[in-house]
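Thanks for coming. I will walk through one structure today, chain by chain, and then look at how the chains meet.

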Amino acid sequence: MTIQEQWIALLTILRKEIRRFTRIWVQTLLPPVITMSLYFVIFGALIGQRIGQMDGFDYMSFVVPGLIMMSVITNSYSNVVSSFFSAKFHHSIEELLVSPTPNYIILSGYVLGGVARGLTVGFVVSMIAMLFADIPFHSVGVTVAIVALTSVLFALAGFINALFASTFDDISIVPTFVLTPLTYLGGVFYSISLLPEFWQGVSQLNPVLYMVNAFRYGMLGISDIHIGVAFTGVGLVTVALFITALTLLNRGTRLRS
Amino acid sequence: MTKALSISQLHKTYGNGFKALKGIDLSVNEGDFFALLGPNGAGKSTTIGVISSLVSKTEGEVSIFGLSLDTDRVAAKKQLGVVPQEFNFNQFEKVFDIVVNQAGYFGIERSVAMKSAEKYLRQLGLWEKRDNPARMLSGGMKRRLMIARALVHEPKLLILDEPTAGVDIELRRSMWQFLQEINAEGTTIILTTHYLEEAESLCRNVAIIDHGTIVENTSIKALLKTLNRETFILDTREAMTNDPIVEGYELACIDSHSMEVDIEKGQSLNELFAVLSDKGIHVVSMRNKANRLEELFVNLVAGRKSVKEGNEQ
């Protein structure tokens, strides 16, 4: 396929993905917005007032970056895992497999679809957060870069989950038993400086901690983690996941008999 | 003549050790209307799966219009349209979007894709349904949608895996007509079907596959010539009370005005009619009891089965 033909194929997949999650916006866009609004009200406005300041910011401002990142992570992941698994389950993925579309375009199309949903939800949640907190935006570049990179990383992880999944249960196991604990323990609600030294070390094994802190640095200018380390780590994991997903796709793992 | 499809020594062994294809050799000429027949589990769908890249081959070569699926995969895939046996589209997507998106996967610009989609949806009687989600279509419409989707990038080779399964007779006839039209316009068609009448009416050449090997590959005409015996139903003007006795023929009454007769190769129906006429029985109409190709198919497959059982004993 020529570059132009590949571009058309990529746009086709992306358009289809965006139409899918906007068509079912009550299931895809509305719930995270409601959930995050409740978090803002309960943790920020109600409980937050009693907690006081954290790292020099009121608690509401402190939790906002983590909550936005949490919604981006969850939505980027769940969009790709549910869309690609459904296509596999209902065999509509065969439309792509019989076509000359290269595998890296198929992978990129689905990942960009996940990123589109993750960032859409992230944007809406950010707008709502502005109503509750005053965010100084220390570095817009860092904020945008880390949120985009994180979204790509979790969209890739969702793709790999969908490739291996055989049942709808298989696509909910990872979000429930891996993603949620990592997110809640990834410094969304607290600074790891509050933890005993041992648990600070354990927390540093959690990849979500790096993303949340880099994002918080972009918005507020504070972080428990060095920004360079965060970007390097997230970047390397993203590249590793892309190579893994593409290799599986090229092999036809769980797609071709 | 250019080969639309060329398969050489194609083997497929599944992960569980089942050998679905055991060295298939097959070639289909450009412009042909070709039938690939075989009983359930013979290897038809696996063969189509390999050609359409949905099944990985274990060994062998597949070329589409001279383009190898191993070395010229992209170019080869562009020549091919596939209509699978099972519905394999997103049931929640709109009919128009399904067809236009498929063209997009082949790198066709959206404006061109929309025109092509309109052309085929109109030809297949689905244009009025273009904004409906696919799940709202009837079974026959869904089959036609898969044909429109397979044609939207104007492939030179169209493979249809049982396209008329579960389709009513009227719709089946209209689909036959459509397929004959696109074949006349130059599209090579390969068809698998369980309706052997369909293969006999539409196809010029045939391959019969059984237990993963090609057991017959010839023209439909040549194949029908090998038929040694046909059973006819004769309708008579006069009522009959007993089975008529004619030397050299086995006649059996079905009811008072019709009878069944087996005609061996070399026997003459005219001779039989003359003898019956002498006996005061006049034949007013006749028809084949079963589809001729069906008889052949059953004989071939049953013959192989008994040989195989014999070898095993």
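Predicted model: local features only at pLDDT ≥ 70, side-chain atom pairs only at ≥ 80, totals over all residues.

Chain A has a mean pLDDT of 93, and 100% of its residues reach 70 or more. Among the elements of chain A, α1(A) has the highest mean pLDDT, at 97, while helix α3 (residues 30–51) has the lowest, at 85.

Two loop residues in chain A deserve a look. Most residues other than glycine have a negative phi. D55(A) is not a glycine, yet its phi is positive, about 50°. Where does D55(A) lie? D55(A) is in the loop between β1 (53–54) and β2 (57–58) of chain A. D55(A) counts as partly exposed, because it has 16 C-beta neighbours inside 10 Å.

The second one is F137(A), also a residue other than glycine, with a positive phi near 50°. F137(A) sits in the loop between α6 (103–132) and α7 (140–164) of chain A. Is F137(A) buried or exposed? With 11 other C-beta atoms within 10 Å, F137(A) is exposed.

Now chain B. The secondary structure of chain B comes to 10 helices and 14 strands. Its C-alpha atoms fill a box of roughly 75 × 50 × 40 Å along the principal axes. Chain B has 313 residues, and buried residues make up 39% of them. If you take the contacts in chain B between residues at least 6 apart in sequence, 68% join residues at least 24 apart.

One is helix α1 (residues 44–51) of chain B. Eight of its eight residues are buried, so this helix is largely enclosed by the rest of the structure. The buried residues of α1(B) are K44(B), S45(B), T46(B), T47(B), I48(B), G49(B), V50(B) and I51(B). After α1(B) comes S53(B), which has a positive phi, near 70°.

The other is strand β8 (residues 188–192) of chain B. Why is β8(B) described as largely enclosed by the rest of the structure? Because five of the five residues of the strand are buried. In a regular strand the side chains alternate between the two faces of the sheet. In β8(B), T188(B), I190(B) and T192(B) point one way and I189(B) and L191(B) the other way, and all are buried.

Which strands pair with β8(B)? Strand β3 (residues 33–37) of chain B pairs with β8(B) in the parallel sense over three bridges. Strand β7 (residues 157–161) of chain B pairs with β8(B), also in the parallel sense, over five bridges. I189(B) takes part in both pairings: F33(B) has I189(B) as its bridge partner, and L158(B) stands opposite I189(B).

On to the nonpolar cores. The largest one has 146 residues, and V111(A), F159(A) and A148(B) touch the most other members. Helix α4 (residues 59–89) of chain A gives the most to this core, with 17 residues. Leaving aside neighbours within four places in sequence, A148(B) is in contact with V99(B), Y120(B), L121(B), L124(B) and L126(B).

Last, the contact between the chains. How many residues does the contact take from each chain? There are 21 residues from chain A and 23 residues from chain B. On the chain A side, α1 (3–23) and α5 (94–97) each supply at least two residues. α1(A) gives the most to that side, with six residues. By class, the side of chain A that touches chain B has seven nonpolar, nine polar and five charged residues. So much for the tour; I will take questions now.

Conventions:
Residues numbered from 1 in each chain as written. Chains lettered and ligands numbered in written order. Contact = placed C-beta atoms within 7 Å. Helix = DSSP H or I, 4+ residues; strand = E, 2+ residues; numbered from the N terminus. Nonpolar A, V, L, I, M, F, W, Y, C, P; charged D, E, K, R; others polar. pLDDT = per-residue confidence, 0-100. Buried ≥ 20, exposed ≤ 12 C-beta atoms within 10 Å, placed from the backbone. Core = buried A, V, L, I, M, F, W, Y, C linked by C-beta atoms within 7 Å. Pairing = 2+ DSSP bridges.
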